[in-house]
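This report goes through a single protein chain, beginning with a helix pair and ending with individual backbone features. Please keep the sequence and the coordinates at hand while reading.

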Amino acid sequence: MRTIKSKFKSQKSKVKMEKKMQKRQAIVMLGLPASGKGTQAEIMAKKIGARIIGIGDLVRSAMTAESLDVELLAEIKSDYDKGIPQKDKIVENLIESEIAKSSGNIIFDNYPFSSDQINFFETMITKYDFSAPKIVYIKIDPELAITRISSRRICDKCKKIYLSGKIGDNCNVKNCGGHLIQRLDDTAGIMKERISHAQPRIDLVLNHYKNSGQVCEINGEQTIEKVAEDIGKIFY
Ligand SMILES: [Zn+2]
């Protein structure tokens with residue numbers, strides 16, 4: 001009896017140790033605007049207990065940060081308003097300060113997005129002790145991205161995204177009190193500009209990792225639930 005008990009105990013502590021030794025997970029979510037990757041990142045974040053780092057959000061919050069240098073802010077804002085991707089140096093600073101804030105799993109939303117960013121990203125993976133990153137590509141047709149985006153709305157207060165709805169409608173989040181607006185970068189012209197920059201950059205990242213066994217391509221033209229299910233098959 002005692003032997004069985006102690007054997008059980010040692011197995012338990014072995015599991016505990018393995019769990020402790022498990023490295024932080026890094027997941028890269030790639031997809032065009034309106035591919036649904038933001039929604040999928042949130043679903044996954046809850047399931048695996050990860051924090052999401054999104055360049056778009058980082059840039060948007062950097063633009064409202066009061067501590068930011070005026071010239072730098074103008075540079076960020078100018079590129080943002082034109083739909084041009086932010087410069088690597090700017091992105092690197094934003095990314096590393098976010099990685100350093102936590103010690104858990106991280107889902108990167110549309111990052112890395114250029115050759116230099118890949119190099120920097122790989123440095124971060126080593127420096128902050130992550131396991132080999134998984135690349136999840138949510139693939140949709142660019143035309144579908146434009147169609148989807150033109151009907152997308154966002155709450156001006158809590159930032160909840162609505163896939164449809166009229167501008168000015170009340171947000172349905174309890175006690176929010178916000179109203180639906182169209183985000184500045186959601187207009188068709190800027191969208192086309194963003195897509196024309198995004199697809200080659202996605203292809204570049206996919207190409208970099210193509211022989212690594214780390215890339216998972218998901219059909220993003222399915223329902224949110226089905227896409228989540230397909231992603232779930234890879235991770236849990
Ligand atoms: Zn709201």
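## Helix packing

Helix α7 (residues 142–150) and helix α8 (residues 188–209) have axes that come within 10 Å of each other and cross at roughly 145°. The crossing of α7 past α8 is right-handed. On the α7 side the contact is made by P142, A145, I146, I149 and S150, and on the α8 side by A188, M191, K192, I195 and Q199. Sorted by class, the residues of this contact are 7 nonpolar, 2 polar and 1 charged.

## Overall composition

The model is predicted. Its chain has 236 residues, of which 24% count as buried. The secondary structure consists of 9 helices and 8 strands. Taking contacts between residues at least 6 apart in sequence, 71% join residues at least 24 apart.

## Nonpolar core

The largest nonpolar core holds 38 residues, and the members that touch the most others are V28, M29, F108 and V136. Strand β1 (residues 26–31) is the element that gives the most to this core, with 5 residues.

F108 is in contact with A26, I27, V28, M29 and I53, when neighbours within four places in sequence are left aside.

## A three-stranded sheet

An open sheet is formed by 3 strands in the order β6-β5-β7, with antiparallel pairing. Its edge strands, β6 (161–162) and β7 (180–181), each pair on one side only.

Strand β5 (residues 153–155) is joined to β7 over 2 bridges in the antiparallel sense. Within this part of the sheet, I154 stands opposite I181 of β7.

## The loop at G49

G49 lies in the loop between α2 (37–48) and β2 (50–54). Is G49 buried or exposed? G49 counts as exposed because it has 10 C-beta neighbours inside 10 Å, and the cut-off for exposed is 12 or fewer.

Apart from residues up to four places away in sequence, G49 touches G104 and N105. G49 and G104 are 55 residues apart along the chain, and their C-alpha atoms are separated by 7.9 Å.

## Backbone features in loops

Y111 and P112 are joined by a cis peptide bond, with omega at about 0°. P112 is placed in the loop between β3 (105–109) and α6 (115–127).

Positive phi values in residues other than glycine are found at A34, where phi is about 70°, and at N175, where phi is near 65°. A34 belongs to the loop between β1 and α2, whereas N175 belongs to the loop between β6 and β7. Which of the classes, buried or exposed, applies to A34? A34 is buried, because 25 other C-beta atoms lie within 10 Å and the cut-off for buried is 20 or more. N175 has 6 C-beta neighbours inside 10 Å and therefore counts as exposed.

Methods
Residues are numbered from 1 along each chain as its sequence is written. This is a predicted model: local features need pLDDT of at least 70, side-chain atom pairs count only at pLDDT 80 or more; totals for chains, interfaces and linings use all residues. A nonpolar core is a set of buried Ala, Val, Leu, Ile, Met, Phe, Trp, Tyr and Cys residues joined through C-beta atoms within 7 Å. Helices (H or I, at least four residues) and strands (E, at least two) are DSSP runs, numbered from the N terminus. Two residues are in contact if their C-beta atoms, placed from the backbone, lie within 7 Å. Axes are lines fitted to C-alpha atoms, for helices over the stretch in contact, and angles run from 0 to 180 degrees between N-to-C directions. A crossing is left-handed if the near helix is turned anticlockwise from the far one by less than a right angle, and right-handed if clockwise. Ala, Val, Leu, Ile, Met, Phe, Trp, Tyr, Cys and Pro count as nonpolar, Asp, Glu, Lys and Arg as charged, and the others, Gly among them, as polar. Two strands pair if DSSP finds at least two bridges between them.
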